[in-house]
Amino acid sequence: MARVSVCVYHFLVWGWYIFINCYFSFQEGEKQLSQMFPYGGQWKYLTVLNLLLQAIFFGIACLDDVLKEMRRNKDFKWVAASRDLLFTSLVFPISTFVFMTFWTIYVYDRELVYPEFLDRIFPKWFNHAMHTAVLPFSLIEAILNPYRYPSKKKGLTLLSCAAIAYICWILRIYYVTKKWVYPMFTKLNPVCLTGFFFACHAFLVLIYLLGEYLNHLIWAGNQGQQQLVKRK
C-alpha cells in the first residue's frame with residue numbers, strides 16, 4: 001500500500017511539473033520576456049531549466065515505480081541508478097539553490113532578480129510554483145525514498161559540470177546580446193561577478209553535502225537498509 005501511495009504521489013508531481021512547464025511555454029508573459037531577451041528563449045533562466053529537470057526526474061521516478069510493480073526493475077537497473085544519480089547530484093541541490101537564492105535576493109531587493117513589472121505578466125501563484133514549491137517537493141522525496149549517493153568525486157563533478165555549463169551559457173547570452181539575464185548582474189563589476197559565481201558554486205556544494213547528510217540521517221537505520229536492498 002505504501003509503495004502504491006508513493007507511485008501515485010510521483011505521478012501527481014510529474015503531472016504538476018508538466019503542467020507548469022506547459023503553462024510557462026504558452027504564456028503571453030514568456031513571449032514578452034523572449035522579445036526582451038530573444039537569444040536563448042525561456043531556457044536562459046535557471047528556474048525554467050530546473051522545472052524541466054524536475055519533470056524529467058519525476059518521469060523517471062514514475063517509470064521506476066511501474067517497473068517495480070511489474071517486477072521488472074531487475075531487468076532495468078539503469079532506471080533506478082539514473083534516478084539515484086539525478087536526484088542526489090542535480091535535483092535536490094538545484095531545487096534548494098533556486099529556492100534559497102531567489103527568496104534571499106527577493107527579500108533584499110526584488111528588482112535584482114524578479115522586477116515588479118513581472119507581477120503584471122505572471123500571477124503570484126505561478127511565482128511560487130516556480131520558486132517555492134520546488135523545495136518542499138524535493139524534501140518530501142528525500143523523506144519518502146532512500147537514495148544511494150554516488151562517490152563525492154562523481155556526484156560533485158556532475159554538479160560542478162552543470163554549474164559551469166550554466167555559467168558559460170549566461171556569459172554566452174551576454175556576449176551575443178550585451179544584456180544580462182538577471183538584472184542584479186548589471187550591479188556587479190567583473191571581479192564581484194566572478195566572486196559571486198564562486199560563492200554560488202560553494203553554496204551548491206554545501207547543499208549537496210547537506211542532502212547527503214539528510215539522506216543518511218533519515219535512512220541510516222535498519223528500515224533504510226531494507227529499503228535500499230529492495231531497490232536492488
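The chain has a mean pLDDT (the predictor's confidence in each residue, from 0 to 100) of 88, and 88% of its residues reach 70 or more. This is a predicted model, in which local features need pLDDT of at least 70 and side-chain atom pairs count only at 80 or more, while totals for chains, interfaces and linings use all residues. Residues are numbered from 1 along each chain as its sequence is written, and side-chain values use heavy atoms, without hydrogens and water. Confidence is highest in helix 8 (residues 190–219), at a mean of 96, and lowest in helix 9 (residues 222–231), at 52. Helices here are DSSP runs (H or I, at least four residues), numbered from the N terminus.

The structure holds 30 aromatic pairs, meaning rings of Phe, Tyr and Trp (its six-membered ring) with centres within 6.5 Å; planes under 30 degrees apart count as stacked, over 60 as edge-to-face and the rest as tilted. Tyr-17 and Phe-58 are stacked, 5.8 Å centre to centre with 20° between the planes. Tyr-17 lies in helix 1 and Phe-58 in helix 3, so the pair ties together parts 41 residues apart in sequence. Tyr-17 counts as buried at 0% relative accessibility (buried means under 20% relative accessible area, with a 1.4 Å probe and protein chains only). Tyr-149 and Tyr-208 form an edge-to-face pair, 5.6 Å centre to centre and 75° between the planes.

Pro-115 sits in the loop between helix 4 and helix 5. At 11% relative accessibility, Pro-115 is buried. Leaving aside neighbours within four places in sequence, Pro-115 is in contact with Arg-110 and Pro-183 (contact means heavy atoms within 4.5 Å).

How values were computed
Helix = DSSP H or I, 4+ residues; strand = E, 2+ residues; numbered from the N terminus. Buried < 20%, exposed > 50% of the residue type's maximum accessible area, 1.4 Å probe, protein only.
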